[in-house]
Amino acid sequence: MSGGFGGKKNKVDPQAPLVALNKVIDEGSFQRIHLLYGEEDYLRYQFRDNLVKAMGGEPGSLSFNRFKGKDVNPGEVIGLAETMPFMAERRVILIEDTGWYVNGCSEMEEYVSSGICESTCLVFCEREVNKTTAMYKRTDKAGMISCFMTQEERVLISWVGSLMRAERLMISSSDASYMISVVGTDMVTLSSEAGKLASYCMDRDRVTRADIDAICSRTLEDRIFDMCEDVANGQKRGAMKKYYDLIVLRARPEFILIQVTRHFNTLIRVMELDSKKKNDEDIGALVGHPGWSIKKYRIQNRRYGHAQLRSILELCADTDMRIKRGEMEKGLAVETLMTRLLNGI
């Protein structure tokens, strides 16, 4: 599986681990040790619960144990792993957020390597891993590793649609895509915002873009607008701080690039439509933003000329091409773009 800090960056289908682990759960073909990791918390937790339940790991059972945190005692885990299950087919032990797949754990590494008790299943759930650690390599050899990556937009659009249908609401693919651009790709956040939308639209049968604008948190879009505002004002420290804040919020570099490109594309379109004497509502309809927000873009446009905005869009397109060709790592490419924008290209 792809992911973590090291290893070759191969193109991996984000759906592949889901399909493989679903098959294991359906067939009951469990391994002695499972590692579930990755940045997509919603899916990781969902599959954690489904896997543990399928194994027979019911809360309150004398054959189910759960450990969590950096202070987990590996000796205690191993001691339980060597204890026969009580009135159950297997002993299930869930271990979460230990950091052992980043920092290592010699006791557990040795135990996994020597062979886990046949009546025990260990399930590790970690957000980050380092694939060069002995813990990762021995788990890969002895069991099954599943990486839960951020899903592609087409998958998220379909998933948002299914969330709405469960609430007896319809949403178009374009509006689902718009919702993702506003909220971000984190499925936990999307699920929460979908719940808010369902409550807001409970007396109707369809979700509209106006509903999304009225209800959904616009945190990422607002932060990107503020970051671009700092870029326009030449406030280097503020712009880079906001960029790194977005990374902390788990906004992927390529998502930030898409949003920055959209932002400057909106600026140039507002500039061109202003020259045609269009009013705010008409401009908003044409650029896909509420009419009341156009004033913000117009104010920012005072710092740019048309040729300068065109150069920025060409730079964004060039950055995207370099990433797709594999000429630059995503994070470095977008940081370089930010630096060039702040230095006036």
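Visitor: Is R168 buried or exposed?
Guide: R168 counts as exposed, because its relative accessibility is 75%, and the cut-off for that class is over 50%. Please keep in mind that this is a predicted model.

Visitor: Where is R168 in the fold?
Guide: R168 sits in the loop between α7 (153–166) and α8 (173–183).

Visitor: What is the phi of R168?
Guide: The phi of R168 is positive, about 60°, although the residue is not a glycine. As background, most residues other than glycine have a negative phi.

Visitor: And which loop holds M87?
Guide: M87 is in the loop between α3 (74–81) and β3 (91–96). M87 is not a glycine either, yet has a positive phi of about 55°. With a relative accessible area of 76%, M87 is exposed.

Visitor: What does P85 touch?
Guide: Not counting residues up to four places away in sequence, P85 touches S63, R90, R91 and S119.

Visitor: How far is P85 from D245?
Guide: Their C-alpha atoms are separated by 46 Å, and the two residues are 160 residues apart along the chain.

Visitor: Let us change topic to rings. How many aromatic pairs are there?
Guide: A search of the whole structure finds eight aromatic pairs. One of them is formed by Y37 and Y136, with an edge-to-face arrangement, 6.4 Å centre to centre and 80° between the planes.

Visitor: Which parts does the pair of Y37 and Y136 tie together?
Guide: Y37 lies in strand β1 (residues 33–37) and Y136 in helix α6 (residues 134–142), so the pair ties together parts that are 99 residues apart in sequence. Both Y37 and Y136 are buried.

Visitor: What about Y243 and Y244?
Guide: Their ring centres are 5.3 Å apart and their planes stand at 70°, so this pair is edge-to-face as well. Y243 is buried, with a relative accessible area of 1%, whereas Y244 counts as partly exposed at 39% relative accessibility.

Visitor: Which residues do ring pairs link into a cluster?
Guide: The cluster consists of W100, Y101 and F124.

Visitor: Which rings have a charged end over them?
Guide: Among them is the ring of Y45, where the charged end of R44 sits 4.9 Å from the ring centre. Another is the ring of F225, with the charged end of K296 over it, 4.7 Å from the centre.

Visitor: Now α13, please. Where does T266 lie, and what is T266 in contact with?
Guide: T266 lies in helix α13 (residues 253–275). Leaving aside neighbours within four places in sequence, T266 is in contact with V287, H289 and Y297. At 7% relative accessibility, T266 counts as buried.

Visitor: And F255, buried or exposed?
Guide: F255 counts as buried, at 7% relative accessibility, and its place is in helix α13.

Visitor: How far is F255 from I283?
Guide: They are 25 Å apart in space, C-alpha to C-alpha, and 28 residues apart in sequence.

Visitor: Let us step back to the whole chain. How many helices and strands has the chain?
Guide: The chain has 17 helices and five strands. Its C-alpha atoms fill a box of roughly 80 × 50 × 30 Å, taken along the principal axes.

Visitor: What percentage of the residues counts as buried?
Guide: Of the 345 residues of the chain, 48% count as buried. The chain exposes about 17,400 Å², and carbon and sulfur atoms supply 49% of that area.

Visitor: What share of the contacts comes from residues 24 or more positions apart?
Guide: Such residues account for 75% of the contacts with a separation of 6 or more.

Visitor: Finally, how many positive and negative side chains are there?
Guide: There are 49 positive and 49 negative side chains, and the centres of the two sets lie 5 Å apart.

Definitions and conventions: Residues numbered from 1 in each chain as written. Heavy atoms only, no water. Helix = DSSP H or I, 4+ residues; strand = E, 2+ residues; numbered from the N terminus. Buried < 20%, exposed > 50% of the residue type's maximum accessible area, 1.4 Å probe, protein only. Contact = heavy atoms within 4.5 Å. Areas by Shrake-Rupley, 256 points an atom, 1.4 Å probe, with all protein chains shown as cover. Lys, Arg positive; Asp, Glu negative; His and termini not counted. Charge placed at Lys NZ, Arg CZ, Asp CG, Glu CD. Phe/Tyr/Trp six-rings, centres within 6.5 Å; stacked < 30°, edge-to-face > 60°. Lys NZ or Arg CZ within 6 Å of the ring centre and 35° of its normal.
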